[in-house]
Amino acid sequence: MKSKVYYFIARTQSHKDSMSKVKGPLSLEKIGIKGKVKNNDKIVIKTHFGALENERYLRPSYIRFLCDYIKEIGGDPYVAESCGWGLPEEISGVHTEYSGRCNEQEYLNVAMQHGFTHETMGAPIIMLDGPDGIDIIKQPVAGKRFKEVLVAGRLREFDYLVMASHFKGHIGTGFGGAIKNLGIGCVSKGGKTQAHMGKEFNYNFDKCVAECSKCIDLCPSGALTKDKNKLNKDWEKCCYCYMCQSICENKVITFDNSTSEDLITQAVDSAKAVVDYFGKDKIFYINFAIDITWRCDCGPSDLPIVPDIGILSSLDPVALDQACIDLIHKSPMVHSSVLSEIKNFPNKNTSEWFSYIPRINNETNKLDYNIDGKINKTWDLQLQLAEEIGLGSRDYTLINVEIDVDKK
Ligand code: SF4
Ligand code: SF4
């Protein structure tokens with residue numbers, strides 16, 4: 001059976017069809033949240049507050065009006081993100097385009113600078129994997145790559161999950177929407193490292209420096225000890241923050257890079273583990289297909305590649321992401337965007353934009369702006385793998401929701 005996807009176009013005529021105040025909450029109502037929520041059910045809205053230098057993240061009012069709607073139907077809303085991988089700036093001493101979101105303290109500071117606070121949301125803001133990213137649930141999964149995933153631990157506190165995702169491109173996974181918000185956004189700090197790198201740690205103890213104790217001092221679980229030069233790890237104690245790997249300058253602890261295909265496979269496995277843990281029937285998905293940049297919200301913004309599409313909602317994350325892709329691929333490109341720099345579109349009539357956006361070159365591990373117009377179907381692989389693993393269906397019915405602005 002085809003999955004239903006509700007579609008609210010981005011154009012508005014009056015305050016009665018406002019994108020944030022009206023269409024956002026209505027997109028939740030259409031997928032049946034009102035009939036399920038009982039008094040004081042705890043509902044967590046998972047979104048993304050944007051990296052510090054990003055400007056195209058979701059505006060706070062979109063999330064605020066979802067919080068208000070959840071209260072209106074009797075629920076108790078929370079707004080959530082999860083800790084980024086790597087070292088907090090306080091420890092690393094450097095600010096990069098991906099940093100500033102590695103623990104609760106620094107991420108809440110970025111969130112505040114982007115307008116997300118308890119006051120502006122009317123709801124608490126939390127890290128789903130705890131203040132240091134080490135509150136984990138080890139969830140078994142029958143994945144292509146993983147048998148177990150480090151799901152964000154605070155999910156255990158909630159009755160329902162609302163996935164409020166900004167739909168945009170991504171240099172590794174082709175696009176980021178509902179599937180990626182599950183697989184990367186709802187796992188712990190270590191779960192993100194595993195989804196990105198996917199490999200076991202390699203320990204090369206010969207490189208360990210006798211007088212160094214950096215990783216031991218940093219380890220939040222006391223899992224590391226040293227006997228002369230020999231580093232020992234108590235696997236039972238380890239809570240998989242991977243900060244020992246990040247801080248070691250001597251390459252004692254390493255793992256290999258993943259290709260884009262690896263990353264997609266691992267992110268999809270992780271998404272399935274999150275759904276298996278939380279329960280398919282307790283998750284509601286909204287994609288905000290606006291400010292559709294080629295790059296995700298973890299780095300700086302660029303111009304959108306197509307005009308705003310609107311808000312889409314569904315109970316099926318695969319159908320929802322597929323519908324967003326299809327609408328974007330039917331749109332004209334923004335002529336001053338990165339797509340205008342492509343010199344050789346193989347097909348002049350193409351509008352399969354996600355096949356052409358900048359991507360990571362797997363051989364050099366560097367960003368390729370793709371001015372030669374090479375086709376890359378990572379977006380299609382993400383949807384294909386998500387369907388294969390049972391996250392949902394690519395087959396859907398799009399239901400246009402029109403709002404009568406003349407109605408009194
Ligand atoms: S051993 Fe490494 S990954 Fe495990 S808790 Fe300690 S620092 Fe984190
Ligand atoms: S940080 Fe590296 S060199 Fe230092 S103790 Fe840990 S493994 Fe050894």
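1. In this predicted model, an open sheet of eight strands runs in the order β4-β3-β2-β7-β14-β15-β1-β18, with mixed pairing. Its edge strands, each pairing on one side only, are β4 (125-127) and β18 (396-400), and neighbouring strands are turned against each other by 25 degrees on average, direction ignored. Strands (E, at least two residues) and helices (H or I, at least four residues) are DSSP runs numbered from the N terminus, and two strands pair if DSSP finds at least two bridges between them.

2. Within the sheet, strand β14 (residues 283-289) and strand β15 (residues 310-314) run antiparallel and are joined by five bridges; Ile 286 has Ser 313 in β15 as its bridge partner. Helix α12 (residues 317-329) packs on the sheet, where it touches β1 (3-9), β14, β15 and β18, and its direction makes about 10 degrees with that of β14. Contact here requires C-beta atoms, placed from the backbone, within 7 Å, while angles run from 0 to 180 degrees between the N-to-C directions of axes fitted to C-alpha atoms, for helices over the stretch in contact.

3. Helix α3 (residues 60-72) lies across β2 (42-46), β3 (76-81), β7 (160-166) and β14, and runs at about 150 degrees to β3.

4. Helix α11 (residues 260-278) is largely enclosed by the rest of the structure, because 15 of its 19 residues are buried, that is, they have 20 or more other C-beta atoms, placed from the backbone, within 10 Å of their own. Just after α11, Gly 279 takes a positive phi of about 105 degrees.

5. Which residues come nearest to ligand 1? Of the 13 around it, they are Cys 219, Ala 223, Cys 238, Cys 241 and Cys 244, a residue being near if its C-beta atom, placed from the backbone, lies within 6 Å. For ligand 2, also with 13 residues around it, Cys 208, Cys 212, Cys 215, Cys 248 and Val 252 come nearest, and the largest share of the shell, three residues, comes from helix α9 (residues 214-218).

6. Strand β11 (residues 224-227) runs antiparallel to strand β12 (residues 230-233), with four bridges joining them, and Leu 224 is partnered by Lys 233. Two residues lie between the strands of this hairpin, in which Lys 228 takes a positive phi near 55 degrees.

7. On conventions, residues are numbered from 1 along each chain as its sequence is written, with chains lettered from A and ligands numbered from 1 in the order in which they are written. Local features need pLDDT of at least 70 and side-chain atom pairs count only at pLDDT 80 or more, whereas totals for chains, interfaces and linings use all residues.

Methods:
Contact = placed C-beta atoms within 7 Å. Buried ≥ 20, exposed ≤ 12 C-beta atoms within 10 Å, placed from the backbone.
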